[in-house]
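User: I have a model open and would like to go through it with you. Could you take my questions as they come?

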Amino acid sequence: MFSKDRWGEIIEALNANKIRTLLTAFGVFWGITILVLLLALTNGLRNGVTSGFGNFATNSMFMWTQGTSMPYKGLPKSRRFNYKIDDVAALKSQFPELKYVSPRNQLGGYNGANNVIRGTKTGAFQIYGDYPEFIKQKPMDILQGRFISYSDINAKRKICVIGPDVVKGLYNKDEDIIGSFIKINGVNFMVVGTFKITNSQGDSEEEANTIFVPFTTFGQAFNFGNNVSWMAITANDNTSITDVKESVFSLMRERHTIHPMDERAIGHFDLAKEFGKINGLFSILAIVGYFVGALVLMSGIIGISNIMLIVVKERTKEIGVRRALGATPWTIKSQILQESLILTILSGMVGISFAAFVIWVMNTILDNVGPVENFANPSVSMTVVFTALIILVVSGVLAGLIPANSATKMKPVDALRIE
Amino acid sequence: MIQIKDLHKSYHMGSNSLHVLKGINFDVKEGELVSIMGSSGSGKSTLLNILGMLDEADTGQYILDNVPIKNLNEKIAARYRNEFLGFIFQSFNLINYKSAADNVALPLYYKGIPRKERTEKAEHYLEKVGLKEWSHHLPSELSGGQKQRVAIARALASEPKVLLADEPTGALDTKTSYEVMELIQGINDEGKTILVVTHEEDIAHMTKRIVNLKDGIIIDDSRVEQVRADQHV
């Protein structure tokens with residue numbers, strides 16, 4: 001169908017009226033450019049907003065305790081309670097669908113009092129008691145040394161991993177950090193690693209002022225015993241945390257003698273659900289992008305269809321001659337179809353390339369001016385490009401269909417009679 | 001070569017019906033050069049269109065080279081036209097964005113002949129009509145007579161059984177007309193069957209047989225002494 005001769009015929013026909021061909025192509029070029037740009041902008045918005053979530057594993061929730069709101073089994077209302085380290089083991093054994101259950105404790109808060117001393121330097125930092133899994137829930141770069149390990153947990157070693165601002169506050173330049181000691185609330189800890197949290201917005205200052213110590217050491221050194229302040233729970237990739245969380249709460253109520261209907265006793269933040277909401281919003285935005293883009297593209301395609309109709313009309317006589325010389329209706333039809341197809345695809349490709357160029361320019365500008373709130377890295381995936389191409393092919397055929405039919409509707413004898 | 005029996009054709013325009021051909025009977029043997037004459041409205045063009053399978057008769061028989069031509073769909077008609085017939089039109093009907101050689105090669109393209117062979121044949125036939133040096137020119141760069149000669153080369157290219165010429169000299173001045181007729185006579189001398197529709201007496205007398213049409217019937221069909229066109233040039 002696409003022989004070399006056919007190509008020649010098509011290129012000749014398109015070349016016969018260059019300005020018209022260009023103007024026609026512009027409609028589709030513009031449509032596809034708008035489509036791709038809209039999707040890229042949506043993506044940029046999505047990237048910008050979701051990066052505000054930090055990079056915590058999204059299929060996660062945080063669970064803490066609040067006072068009970070109902071009396072139960074002789075226990076009063078407004079009772080305070082604490083999760084224990086056993087709860088973690090129970091959760092892990094009862095719910096195999098949970099990937100990580102990290103108990104956490106915290107000392108010091110944002111803008112709290114000075115709690116860390118090294119030589120003559122002091123600083124106010126946040127101290128977390130954590131398990132080794134935590135680094136998998138909240139990815140961070142270990143710049144020097146290592147993160148907490150299970151042997152630290154088991155031996156209750158007094159070691160710590162410190163953030164960049166801790167290093168800045170307590171150390172001079174060129175000082176060896178690994179192996180040095182810092183005093184947290186009067187207890188000496190050896191620094192075994194430094195970390196940096198990348199790809200995070202908003203919390204970065206807080207995160208940079210963080211010190212991680214082994215959970216067990218934390219409990220013993222700072223008198224937390226077996227208490228767990230809160231847990232960061234991540235579910236396996238194929239289960240949603242939102243689906244399992246209610247049964248997790250039920251188990252916790254049972255273990256802490258809380259009324260089964262007491263919703264308020266257990267506080268939680270469902271990251272997956274919030275993330276899902278935002279994601280849903282952007283899925284809708286992407287659909288809107290497709291819709292608007294497709295409509296703009298459609299006007300371009302109607303343009304092609306229109307022009308092809310005129311071309312067919314103008315070439316009625318030529319088509320009659322071709323048929324007199326032995327062209328079958330199908331030959332004529334397929335040539336018209338291919339002309340519109342090639343016109344659509346070519347102008348579409350140019351449109352996609354142009355949109356890619358605009359996106360590149362946007363990214364270069366963004367790189368130069370630094371991060372912009374709620375907007376980052378506008379881009380489209382290959383899927384979008386292929387979808388756009390498929391839309392182009394389909395619409396190219398659609399655009400050619402009516403003109404192709406009208407080209408052969410007239411009998412050759414009538415076509416020849418037209419002047 | 002051509003046998004036609006009791007051919008009828010009428011056109012319907014709204015409630016009016018126009019009976020154009022009212023029973024045409026005639027035969028053309030191989031190698032004949034026939035002119036079909038008649039005033040406008042006599043049905044000569046309709047007859048030629050039916051012969052050219054561009055139009056279909058209502059009733060009657062049409063046999064071309066022992067093949068009965070009836071109930072054609074467009075696809076078969078296109079193939080028959082390509083194989084059996086070469087067309088020469090009054091207004092040349094060259095494709096204006098194609099060079100002379102490409103115009104001549106067009107029927108061969110529809111025949112499915114490979115490009116190289118096509119080009120060779122096109123050159124050959126252009127040489128035959130004396131336009132070898134013009135093969136890369138566009139029709140707009142040619143004179144009327146040259147255009148018609150390209151059209152004749154195009155009609156010859158697919159080596160058809162019959163050439164059908166509809167007023168081939170209608171758009172040309174007398175001198176050029178005679179040149180074109182000289183070419184047509186030359187082709188006929190090589191044995192090609194040719195039908196020429198014309199309303200010019202002098203052109204008709206350059207053929208070997210004149211069929212006179214009036215109001216849809218043949219009123220006269222006689223052989224004539226052929227006047228050679230080169231005597232006039």
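**Chain contacts, a sheet and a helix pair**

Analyst: In this predicted model, 20 residues of chain B are in contact with 17 residues of chain A; two residues are in contact if their C-beta atoms, placed from the backbone, lie within 7 Å.

User: Which elements give two or more residues to the side of chain B that touches chain A?

Analyst: Those elements are α2 (74–84) and α3 (100–111) of chain B. With 6 residues, α2(B) gives the most to that side. Helices (H or I, at least four residues) and strands (E, at least two) are DSSP runs, numbered from the N terminus.

User: And by class, what does the side of chain B that touches chain A have?

Analyst: It has 9 nonpolar, 3 polar and 8 charged residues. Ala, Val, Leu, Ile, Met, Phe, Trp, Tyr, Cys and Pro count as nonpolar, Asp, Glu, Lys and Arg as charged, and the others, Gly among them, as polar.

User: What about numbering and confidence limits?

Analyst: Residues are numbered from 1 along each chain as its sequence is written, while chains are lettered from A and ligands numbered from 1 in the order in which they are written. Because the model is predicted, local features need pLDDT of at least 70 and side-chain atom pairs count only at pLDDT 80 or more, whereas totals for chains, interfaces and linings use all residues.

User: New topic: in what order do the 4 strands of the open sheet in chain B come?

Analyst: The order is β2-β1-β4-β5 (chain B), with antiparallel pairing; strands pair if DSSP finds at least two bridges between them. The edge strands, β2 (16–28) and β5 (67–68) of chain B, each pair on one side only.

User: How many bridges join β1 to β4 of chain B?

Analyst: Strand β1 (residues 2–13) of chain B is joined to strand β4 (residues 59–64) of chain B by 5 bridges. Ile2(B) stands opposite Leu64(B) in β4(B).

User: On to chain A: at what angle do α10 and α13 of chain A cross?

Analyst: The axes of α10 (residues 271–314) and α13 (residues 382–409) of chain A cross at roughly 30 degrees and come within 9 Å. Axes are lines fitted to C-alpha atoms, for helices over the stretch in contact, and angles run from 0 to 180 degrees between N-to-C directions. α10(A) and α13(A) are therefore roughly parallel to each other (angles under 35 degrees).

User: Which residues make that contact?

Analyst: Among them are Leu297(A) and Ile301(A) of α10(A), and Leu398(A) and Ile402(A) of α13(A). The residues of this contact divide into 13 nonpolar, 4 polar and no charged.

Key: Parallel < 35°, antiparallel > 145°, perpendicular 65-115°, else oblique.
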